[in-house]
Amino acid sequence: MKIRIGVEIMKILDLRSDTVTQPTPEMREAIASALVGDDVYGDDPTVNELERQAAERLGKEAALFVSSGTMGNLLGVQSQTQRGDEVILGARSHIITHEVGHLAQICQCMGRTIDNPDDRIYPDDIRQAIRPDDIHEPPTTLLCLENALSNGTVVPLELMRQDYAAAKEAGLNVHLDGARLFNAATALGVDAAELAACADSVTFCLSKGLCAPVGSMLCGTKEFIARARRNRKRIGGGLRQAGFLAAAGLIAMNQMSLRLGEDHANAKTLAAMLEELDGVAVAKDQLDINMVFLTLNGLAAPERFVDALKEQGILINGADHGVYRLVTHWGIETADLPRIAAAIDRCRKEL
Ligand SMILES: *Cc1c(COP(=O)(O)O)cnc(C)c1O
């Protein structure tokens with residue numbers, strides 16, 4: 001996206017999220033020529049192929065194309081719990097903070113949150129949170145993990161394995177919210193399937209750093225996916241000629257997942273540039289993936305910072321408890337980074 005300022009053409013640098021990524025030229029071609037059919041009849045060859053390949057990539061039996069990560073998490077929880085069950089999950093997990101309470105309203109489960117400063121869940125947390133078999137208490141049946149975490153860090157494979165073992169020992173199922181699963185795998189230097197092996201069900205987004213216009217995948221056993229497919233239909237998520245979306249999804253999963261290291265490197269380079277600036281503090285321990293978290297000191301008018309940057313052609317979200325998040329992605333090149341740092345420096349000094 002570009003805007004014209006005077007006679008100059010300025011590239012808009014949108015750091016609000018990796019969800020702003022545009023489909024690649026290759027995706028647009030694949031969409032135009034996709035073979036499609038009625039997916040509710042199971043007739044869409046491109047959706048079927050995406051589901052087959054997603055399952056294979058994560059080492060699961062089956063997969064389901066869903067319209068969003070939120071829908072994937074909803075179906076992941078709903079298809080593995082009964083009404084009144086208790087689910088263990090992080091206090092700042094996406095399911096708790098950003099999914100409009102489907103855990104309570106639609107899944108009708110209790111949430112038992114684990115509130116560690118690093119947002120990780122450890123085996124002891126799980127053991128302590130599991131309810132005893134007592135007539136007064138709701139049964140604990142599911143653990144939800146997240147990787148990468150929304151705080152920009154990744155959870156080591158070994159900890160995931162320990163958590164999975166602790167959950168299984170107590171008879172719990174595990175759902176992994178892997179919205180940025182391939183970012184996590186890239187940062188950890190492991191295969192996405194190794195992370196997926198630490199969960200019974202996994203969801204990942206095609207529509208974030210992988211650049212697909214729409215969609216997420218939910219993966220698990222055949223039997224689980226059959227239940228999720230039925231539940232998807234019930235909430236209105238049965239799609240017809242969805243192969244147009246799946247065509248982009250195949251490119252997202254197979255090609256764009258291989259380049260995420262560039263986004264991570266750009267985030268680290270940007271962080272290093274910002275650290276050089278007066279009055280800017282970067283969270284150096286939250287730089288595992290494509291996110292940079294920063295705070296600004298000495299701003300007289302912090303409420304004007306986002307608008308001031310926008311005038312420079314740089315888009316960011318407002319601060320969350322004083323912390324700004326910048327997200328790198330396919331639309332941000334290494335050559336763009338000095339302009340971002342310079343604009344932040346200028347706006348901070350002017351405000
Ligand atoms: C983005 C995200 C989701 C799902 O998001 P949608 O916008 O519904 O696709 C789920 N979990 C995490 C951690 C996310 O970052």
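**Backbone exceptions and aromatic pairs**

A148 lies in the loop that connects strand 7 (140–146) with helix 7 (157–169), where helices (H or I, at least four residues) and strands (E, at least two) are DSSP runs numbered from the N terminus. The peptide bond leading from N147 to A148 is cis, its omega being near 0°. The model is predicted, so that local features require pLDDT of at least 70 and side-chain atom pairs pLDDT 80 or more, whereas totals for chains, interfaces and linings use all residues. Residues are numbered from 1 along each chain as its sequence is written, and side-chain values use heavy atoms, with hydrogens and water left out.

Most residues other than glycine have a negative phi, and most peptide bonds are trans. D119, although not a glycine, has a positive phi of about 65°. This residue is placed in the loop between strand 6 (110–114) and helix 6 (123–129). A positive phi, of about 50°, is also found for H321, which is not a glycine; H321 belongs to the loop between strand 13 (314–315) and strand 14 (324–327). With a relative accessible area of 17%, D119 is buried, whereas H321 is exposed at 80% (buried, under 20% relative accessible area; exposed, over 50%; partly exposed, in between; 1.4 Å probe, protein chains only).

Two aromatic pairs are present in the structure (rings of Phe, Tyr and Trp, the last by its six-membered ring, with centres within 6.5 Å; planes under 30 degrees apart are stacked, over 60 edge-to-face, the rest tilted). The ring centres of F182 and F204 are 5.1 Å apart and the ring planes stand at 90°, so this pair is edge-to-face.
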